[in-house]
Amino acid sequence: MSTSTLTKVKIRSIDAPLGAIVTDLDASQPIAPEVILQLKEALRDRHILIFKDQKLSDEQLLNFSLYFGALFVPSDETPVLASKPGETPVVIPISNVDGGYTGTGELTFHSDHKWTPTPSSGSLLYALEIPTHV
């Protein structure tokens with residue numbers, strides 16, 4: 001399987017105080033440093049980036065996340081959402097269906113990892129199902 005490095009991307013601000021939509025990007029592929037800089041600048045300026053139509057494995061999501069900085073990876077002794085004894089996931093599945101995480105309202109608004117010595121500067125959310133309209 002050959003891979004190429006993404007060298008162009010389109011970033012369009014949305015008609016709202018925050019946010020931009022990123023197109024012409026396949027987050028599963030390597031990304032050129034100049035594009036990473038564009039994405040980081042857009043995140044700094046717009047605070048929310050929306051990457052539509054991505055198909056990512058957990059590993060690809062983690063690799064893409066690393067373009068934005070170091071990841072918080074809790075130890076197995078640090079309980080986080082979805083932890084089981086001796087097993088702390090790095091990618092945490094959250095579901096708003098009945099019986100899933102947040103499905104019955106057990107996860108209220110919060111800031112990820114604010115209790116750690118170096119709190120997260122952001123979070124990546126990867127939607128598997130989205131409504132056709134809001």
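1. The residues concerned are Val 35, Ile 36, Leu 39, Ala 42 and Arg 46, and they cover an arc of only 125° around the axis, which puts them on the same side of α1; the arc is that of the directions from the helix axis to the C-beta atoms. Buried here means under 20% relative accessible area, exposed over 50%, and partly exposed in between, with a 1.4 Å probe and protein chains only. On the other side of α1, Pro 33 and Arg 44 are exposed.

2. This is a predicted model, in which local features need pLDDT of at least 70 and side-chain atom pairs count only at pLDDT 80 or more, while totals for chains, interfaces and linings use all residues. Residues are numbered from 1 along each chain as its sequence is written, and side-chain values use heavy atoms, with hydrogens and water left out.

3. Helix α1 (residues 33–46) has 14 residues and reaches 20 Å from its first C-alpha to its last, close to the 20 Å expected at 1.5 Å a residue, the expected span being 1.5 Å times one less than the number of residues. Just after α1, His 47 takes a positive phi of about 75°.

4. Lys 55 lies in the loop between β3 (49–51) and α2, and this residue is exposed, with a relative accessible area of 71%. Not counting residues up to four places away in sequence, Lys 55 touches Ser 28, Gln 60 and Tyr 126, a contact meaning heavy atoms within 4.5 Å. The C-alpha atoms of Lys 55 and Ala 127, which stand 72 residues apart along the chain, are separated by 9.9 Å.

5. Ser 65 lies in helix α2 (residues 58–65) and is buried, with a relative accessible area of 9%. Leaving aside its neighbours within four places in sequence, Ser 65 is in contact with Leu 71 and Leu 124.

6. For the chain as a whole, the two helices and three strands run β-β-α-β-α from the N terminus on. Of the 134 residues of the protein chain, 20% count as buried, and residues 24 or more positions apart account for 54% of the contacts with a separation of 6 or more.

Conventions. Helix = DSSP H or I, 4+ residues; strand = E, 2+ residues; numbered from the N terminus.
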